[in-house]
There are 2 protein chains.
Amino acid sequence: MIVVETIEELQQLINKKAGKTVGFVPTMGFLHEGHLSLVKHAIEQNDIVMMSIFVNPAQFGPGEDFESYPRDLDRDITLAEEAGVDFVFIPSVQEMYPFDGGIRILPGPQADELCGASRPGHFDGVLKVVLKLFNIVDPDRSYFGMKDAQQLAIIETFVRDFNLRTKIVRVPIVREDDGLAKSSRNVNLTPEERNQAPIIQQALIKGAELYSNGLKPVQIEKEVANFITGGSVGEIDYVKLLSYPSLQPITSETNEVILAVAVKFSKTRLIDNIIM
Amino acid sequence: MIVVETIEELQQLINKKAGKTVGFVPTMGFLHEGHLSLVKHAIEQNDIVMMSIFVNPAQFGPGEDFESYPRDLDRDITLAEEAGVDFVFIPSVQEMYPFDGGIRILPGPQADELCGASRPGHFDGVLKVVLKLFNIVDPDRSYFGMKDAQQLAIIETFVRDFNLRTKIVRVPIVREDDGLAKSSRNVNLTPEERNQAPIIQQALIKGAELYSNGLKPVQIEKEVANFITGGSVGEIDYVKLLSYPSLQPITSETNEVILAVAVKFSKTRLIDNIIM
């Protein structure tokens, strides 16, 4: 595996691989089995697999956890190599953002709900880094996990509406044995919180049952929230049942729906979802 | 020359030309010698030259001249072929904008002055179509005229800050024998206005002299405006002396400056500039 820190070096390496397909796995590092599942899918479908590791300051707001976001580059490099990644791109903030002419990419109504509602500007930063990385890497396929379902929906819309030259591949959520969705942030849970956190998925499964029983969205959201707060110290950021990927209220024309939650523990905000 | 109307067909054609460099000349049609100068530069530097002709509704505001913008596709196709264009891409509005997920690209402070001040949203629409076309065509080099100096500056910033995979080539303004900058909109001038319009360049040359004589920007702007209104029926939209390409007030660190004007005639708004 080749570790690359500059855009120039990366592009020279990619140019040498002309004619081969490139699968791209963008990450913020502190890899877990969710990321490695993205790599596994990328290896199956492409000649070359490129991973990026970059904790993107542009997508963290003031007071969010940019500083405390977990990092362990040595471990990440070992895990990426073992997983079969060919190139890992680890740029500095200066390498990624040497200039700022003030151009911004603003998401549409898909960003108004869920994490977008409580993290203003978050998806501007996501779209910025995603466009930059896609342009730098020029991947045939890019792999995103379904855990960040809103991010995935917005990126799919960006690719579709702006003709970006990569195919977006959705990869299912990977979970711990007790059902907690894998997340780099899970290490910031206290032992008690970690014990309670699987209630999030249990609540989603209960919500899915209520949905198939025909309960109204507002009632389902209430039941799911009560289930979580009744069995944990977590505070509800949101529980929402929406159409997917438009992330708008459900209508008679909705095909897929998402039940999505964000729960705040003492130092950690966790998200999870189920798509029906 | 091959005329292409769909993105799919265009990309199939480009894929067949692997290994060859592509020079791209995006236009809104009604071609004049300014456009053909872009083509000439593109032919010199690339294996293949692609032109697009698309009057982009996203960059016209309400009450602007989208409907009356001059169009003559048959003539454009003949001129492009004679100039040596290999592919001309003429998409419909539906082909370019089949979806709208509401994602917008907002320019930074470079859009606050000049045409950006009087055309709110104009450069959002320019950045939208430019990103789409760059993704569709994937050109090695893209050619823009210096007449739209603000557009050029903003696109250069976009390419730099977002790592777009094309090199931007600046091409000098082409003028009529009497000095009027070539523009598709010149045909909308009345005979009297057409007679008077060369005063715009004369005023810019006078302004450049005043600048080299050390006159202050605000005085130069006033003199240039008076010169134009004194010798024509044109109304001043703006006369501005700014740093280039940042389009900010001139400081002791400014290297290049632009003297830029926009003049409104009865049915036609003309722009011109000089860079010093």
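Over all chains, the structure holds 26 salt bridges, a salt bridge being a side-chain nitrogen of Lys or Arg within 4 Å of a carboxyl oxygen of Asp or Glu. The structure is a predicted model, in which local features need pLDDT of at least 70 and side-chain atom pairs count only at pLDDT 80 or more, while totals for chains, interfaces and linings use all residues. Residues are numbered from 1 along each chain as its sequence is written, chains are lettered from A and ligands numbered from 1 in the order in which they are written, and side-chain values use heavy atoms, with hydrogens and water left out.

Several of these pairs connect separate elements of a chain. In chain A, Asp124(A) and Arg104(A) form a salt bridge whose closest N and O atoms are 3.8 Å apart. This pair links distant parts of the chain, 20 residues apart, with Asp124(A) in helix α6 (residues 122-137) and Arg104(A) in strand β5 (residues 104-106) of chain A. Helices (H or I, at least four residues) and strands (E, at least two) are DSSP runs, numbered from the N terminus. Asp124(A) is buried at 18% relative accessibility, whereas Arg104(A), with a relative accessible area of 44%, is partly exposed. Here buried means under 20% relative accessible area, exposed over 50%, and partly exposed in between (1.4 Å probe, protein chains only).

A second salt bridge in chain A joins the side chains of Arg170(A) and Glu156(A) (2.8 Å, N to O). Arg170(A) belongs to strand β7 (residues 167-171) and Glu156(A) to helix α7 (residues 149-161) of chain A, so this pair ties together parts that are 14 residues apart in sequence. Arg170(A) counts as partly exposed, at 32% relative accessibility.

In chain B, the salt bridge between Asp65(B) and Arg185(B) has its closest N and O atoms 2.9 Å apart. Asp65(B) is found in the loop between β3 and α3 (73-83), and Arg185(B) in the loop between β7 (167-171) and α8 (191-196) of chain B, so the pair ties together parts that are 120 residues apart in sequence. Both partners count as buried, Asp65(B) at 18% relative accessibility and Arg185(B) at 16%. Elsewhere, salt bridges that share partners join Glu33(A), Glu176(A) and Lys182(A) into one network.

The interface of the two chains was examined next. In all, 29 residues of chain B are in contact with 29 residues of chain A, contact meaning heavy atoms within 4.5 Å. The area buried between the chains is about 2800 Å², and carbon and sulfur atoms give 57% of this; buried area is the accessible area (1.4 Å probe) that two parts lose on being put together, summed over both. On the side of chain B, Ile103(B), Phe162(B) and Arg165(B) lose the most area to chain A, together 28% of what that side buries.

The rule finds 2 salt bridges across this interface. The side chains of Arg165(B) and Asp138(A) meet in a salt bridge (3.5 Å, N to O). Elements that give two or more residues to the side of chain B that touches chain A are α1, β5 (104-106), α6 and α7 (149-161) of chain B. The largest share of that side, 6 residues, comes from α6(B).

Helix α1 (residues 7-15) of chain B has Ile7(B), Leu10(B), Leu13(B) and Ile14(B) as buried residues. Viewed down the axis of α1(B), these buried residues fall within an arc of 130 degrees, so they line one face of the helix; the arc is that of the directions from the helix axis to the C-beta atoms. On the other side of α1(B), Glu8(B) and Asn15(B) are exposed. The buried residues of α1(B) pack against β1 (2-4), β3 (48-53), β4 (87-89), α4 (93-96) and α6 (122-137) of chain B.

Backbone geometry was also considered. A cis peptide bond, with omega about 5 degrees, joins Tyr244(A) and Pro245(A), and Pro245(A) is placed in the loop between β8 (235-244) and β9 (256-264) of chain A. In chain B, a cis peptide bond joins Tyr244(B) and Pro245(B), with omega about 5 degrees. Although not a glycine, Asp138(A) has a positive phi of about 55 degrees; Asp138(A) lies in the loop between α6 and β6 (141-145) of chain A.
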